[in-house]
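Student: Could we go through this one together, starting with how its helices touch?

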Amino acid sequence: MEKILIIEDNAEIRENTEELLLLNNYTVLVAENGRAGFELAKSYQPDLILCDMMMPETDGSFFLKLAKEDDTVRNIPLIFFSAGSFCPEVQRNLIKGANEYLQKPFTKEELLITIKKGLDTKNSNVNVTPSSVDLSNENDNMLMK
Amino acid sequence: MIKEYPQIDQASYRLLVENVKDYAIFMIDPDGYIISWNKGAEQIKGYTESEIIGKHFSIFYTKEDFKNRHHEQNLKMAKELGKVEDEGWRVRKDGSVFWANVVFTALKDSRGKLIGFGKVTRDMTRRRKAEEEIKRLNSELRVQLQRSKSEVLDYRHAIDEASIVAITDQKGVIKYVNDNFCKISKYGKEELIGQDHRIINSGYHSKAFFRDLWETITTGKVWRGELKNKAKDGSFYWVDTTIIPFLDENEQPYQYLAIRSDITQRKLAEEQITRINEGLEKKIRERTLELTEALEREKELSELKSRFVSMASHEFRTPLSAILSSVGLVEHYIDPEHDEKRRKHIERIKSSVRNLTDILNNFLSLDKLEQGKVEVKSINFNLHEFMEDIIEEMDGMLQKKKQQIRYMYNGPPEEVLQDKKILRNVLLNLLSNAVKYSPEEKEIYITVDKKGEKVFISIRDEGIGIPLEAQKDMFSKFFRANNTINIQGTGLGLNIVKKYVELLEGDIYFLSKENEGSTFTVEFPARINADSSQVINPDISNI
C-alpha cells in the first residue's frame with residue numbers, strides 16, 4: 001500500500017482528494033501548508049507527494065526548497081497542482097523541480113493516472129520530465145506568455 | 001679809394017647793346033619807327049636788321065592788340081611817364097607769338113626833347129608757360145581737391161544719414177555725434193560732446209568684454225560686435241557696431257570712429273524667440289514627463305490587470321476543482337449505504353456553486369457600480385439586530401479558522417434608514433477580509449457607535465496589516481498589497497466597498513500597521529436622504 005502525502009490549504013479539495021485516494025487503496029497523509037507538509041514528508045517518507053502551489057504562509061516554493069535540501073525527501077516523486085498563480089516564471093521553475101504537474105480542476109482519472117506515473121518514476125529510478133503539463137488553456141494560463 | 005673807371009666810348013656801348021642776345025634792345029623814333037636793332041631782337045623777334053629798320057614797331061603786336069591801339073597807348077604812356085612796362089603777346093616774323101616783357105623808355109636829349117624810345121623786350125614765353133602750367137596744375141589740383149572733399153563729404157553725409165556715428169578721441173571722449181546718434185540715445189549733442197563714451201553703457205556687457213574691445217582698437221585694429229546701450233531715459237537699445245581707429249604718422253590711434261546700426265528690433269525678436277523656445281522646451285519637458293508618468297501608470301495598471309486575471313482564474317478554478325472532485329466521488333457513492341457521503345458531496349457541490357456565483361456577482365457588481373446602475377433602496381430597520389444577523393452569517397468562516405468575533409453595540413437605539421443590502425455587502429466584505437488576513441485563533445472586534453446623525457461601524461483585526469507604501473492604493477481597483485501574494489483575493493473587494501459606501505452617503509477609512517493588524521471604519525448617516533434613494537416598505541421588500 002503506497003503512502004501518499006497531500007499538501008493543500010483548501011479544505012474541500014484536500015478532503016475530496018484524500019477520500020478519493022483512500023477509495024483507491026492508498027494510505028493518505030494530509031497537511032495544510034508547505035512547512036507542515038515538509039515535516040510530514042520527512043517523518044513518514046511517503047512514496048509520493050501531491051502539493052498545491054499556492055498556499056498562505058508557506059507555499060509550494062517553500063516546500064520545494066526544503067525538499068531539495070533534504071536527502072531523504074528530495075527523491076520522493078512530487079506532483080504539483082495548481083489553479084494558476086501570479087508569476088508564470090515561479091510556476092515554471094516549480095514545475096521543473098517536480099516530476100509531474102496537474103492543473104485544477106482535474107478529473108479523478110487524470111489524478112489517478114498521474115499518480116501512477118509518478119510512482120513508476122520512483123520505481124524505475126529515472127527522473128522523467130513532466131509529460132502531463134496542460135499548457136493549452138489560453139484564458140488564464142500565463143505559462144505561455 | 002674809388003677807382004675811377006674810364007668812361008667807355010660809344011663804340012663799346014654799341015658793342016654792348018648789339019651783342020646782347022637774350023634781350024631785344026632797340027630804338028624807335030617818336031612815331032614808332034624802328035631805327036636800331038640788336039642780336040637779341042633778331043633772336044627773339046626773328047627779323048634781321050636789314051628787314052626791320054624803318055618798319056613800325058606795331059607790327060610786333062597781335063591783331064587784337066593792334067585793333068585796340070595798345071601800341072599807341074604804350075607810346076603815349078611812355079611819353080608822359082617816361083617809362084612804361086608792359087607784358088603781352090608779341091608776334092614774330094614767322095607769325096608765331098611769344099610772351100614779351102617790354103619796357104619803353106622815353107629818350108630825351110639834353111634839351112629835353114624826345115628823340116625816341118628805347119625798347120627792351122624779353123621773351124617770357126617759357127616763364128609764362130611755366131606760370132600757366134602752374135596755374136593750370138593749381139587749378140587742376142584745386143578741382144581734384146574739391147572733388148575729393150566733395151566725395152568725402154558725400155561719404156560722410158551718407159554715413160551720417162544711414163548710420164549712427166560717433167567720433168571719440170584716443171581717450172574715449174566724444175568729439176562728434178551725428179543726428180542719428182542723438183535720436184537713438186535721446187541725448188542732445190551738447191550733452192554728449194566732451195563726455196566719456198561710457199555715458200551710454202548699459203551694464204549688460206562684462207568687464208572682460210570691454211577689455212577685449214579696447215585692446216583691439218588701441219592696437220589699431222577694427223572692432224566689430226553687438227552692443228547693448230542705455231539711452232537717456234533709461235531704456236535700452238542694441239547696435240551693430242564697427243569701431244575704426246584713425247592712425248597718425250606713428251601708427252598710433254588718435255581718434256576712433258564708431259559706425260553703428262540699430263538692431264534693437266532684431267535683438268528683441270531674438271530674445272522673444274529664445275524665450276518662446278525656452279517656453280516650448282519647458283512645455284515639451286513637462287509634456288514628456290506627463291507622458292512618461294502616464295505610461296508608467298498604464299504599465300502599472302496593465303500589470304495589476306494581469307495579476308487580477310491570473311488571480312481570478314485561481315478564484316474560479318478552486319471551487320470548480322471542489323465541484324469536479326465531489327462529482328467524481330458522487331459517481332462512486334451510488335449504493336444506499338453511501339447515502340450520507342453522497343449527500344455531503346452534493347452539499348459541497350452546491351456550496352461551491354454558491355461560492356462561484358458570489359465571485360461572479362462580485363465582478364458584475366463592480367461593473368454595475370462603475371456604470372452607475374446600482375439603485376439605492378433604503379429601508380427602516382434595527383441596526384443592532386442587523387449586526388447580529390451578519391455575525392451569524394460569518395459563523396462558518398470563523399469556525400474554519402477557529403476565530404472569534406467580539407461585538408459591542410453603542411449605536412442608535414432607534415431604527416436607521418439605509419440600504420440594508422448594500423450595507424450587508426459592505427460589512428460581509430470587510431469581515432471576510434478580517435478573517436482571511438488574520439491567522440487562526442485570532443479575534444475580530446466589531447464596534448458600532450453613534451455621533452450626532454452619523455453611525456460608525458469599525459472592524460478591527462489582528463492580522464497581517466497593510467504595509468505603509470501600499471496604504472494609499474488600498475481602494476484602487478485590482479490593487480493588492482505585496483504581503484498578500486499567497487492569499488487568494490481579486491483586489492476588487494475594497495474598491496467595491498468604497499463605491500458602495502459612497503452610495504450610502506458615507507465614508508470609509510482605515511488605520512493599519514504591518515504585522516499588527518487593521519481597523520476599518522465605515523461611517524454613514526443614520527437616516528439617508530430620502531430623496532436620493534427609494535424608501536422601501538418592509539412588507540414588500542425582498543431581501
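Student: Which residues of α10(B) meet which residues of α11(B)?
Tutor: On the α10(B) side they are B:Glu315, B:Phe316, B:Pro319, B:Ala322, B:Ile323, B:Ser326, B:Val327, B:Leu329 and B:Val330, and they meet B:Arg342, B:His345, B:Ile346, B:Arg348, B:Ile349, B:Ser352, B:Val353, B:Asn355, B:Leu356 and B:Ile359 in α11(B). Two residues are in contact if their C-beta atoms, placed from the backbone, lie within 7 Å, and helices (H or I, at least four residues) and strands (E, at least two) are DSSP runs numbered from the N terminus. This is a predicted model, in which local features need pLDDT of at least 70 and side-chain atom pairs count only at pLDDT 80 or more, while totals for chains, interfaces and linings use all residues. Residues are numbered from 1 along each chain as its sequence is written, and chains are lettered from A and ligands numbered from 1 in the order in which they are written.

Student: What about α1 of chain A, at what angle does it pack with α10 of chain B?
Tutor: Helix α1 (residues 11-23) of chain A packs against helix α10 (residues 264-332) of chain B at about 30°, again with axes 9 Å apart. That makes α1(A) roughly parallel to α10(B). The residues making the contact include A:Ile13, A:Leu20 and A:Leu23 of α1(A), and B:Ala322, B:Leu329 and B:His332 of α10(B). The residues of this contact divide into 5 nonpolar, 7 polar and 2 charged.

Student: Zooming out, how many residues of chain A are in contact with chain B?
Tutor: There are 25 residues of chain A in contact with 22 residues of chain B.

Student: Which residues of α1(A) are buried?
Tutor: A:Glu12, A:Ile13, A:Arg14, A:Glu15, A:Asn16, A:Thr17, A:Glu19 and A:Leu21 are buried, and a residue is buried if 20 or more other C-beta atoms lie within 10 Å of its own, exposed if 12 or fewer, and partly exposed in between. The cover over the buried residues of α1(A) includes β1 (3-7), β2 (27-31) and β3 (48-52) of chain A, together with α10 and α11 of chain B.

Student: New topic: which peptide bond is cis?
Tutor: The bond from A:Lys104 to A:Pro105 is cis, with omega near -10°, and A:Pro105 lies in the loop between β5 (100-103) and α5 (108-124) of chain A.

Student: Last one, is B:Glu441 buried or exposed?
Tutor: B:Glu441 is exposed, with 9 other C-beta atoms within 10 Å. Although B:Glu441 is not a glycine, its phi is positive, about 65°, and its place is the loop between α14 (420-436) and β13 (443-451) of chain B.

Conventions
Axes are lines fitted to C-alpha atoms, for helices over the stretch in contact, and angles run from 0 to 180 degrees between N-to-C directions. Angles under 35 degrees count as roughly parallel, over 145 as roughly antiparallel, 65 to 115 as roughly perpendicular and the rest as oblique. Ala, Val, Leu, Ile, Met, Phe, Trp, Tyr, Cys and Pro count as nonpolar, Asp, Glu, Lys and Arg as charged, and the others, Gly among them, as polar.
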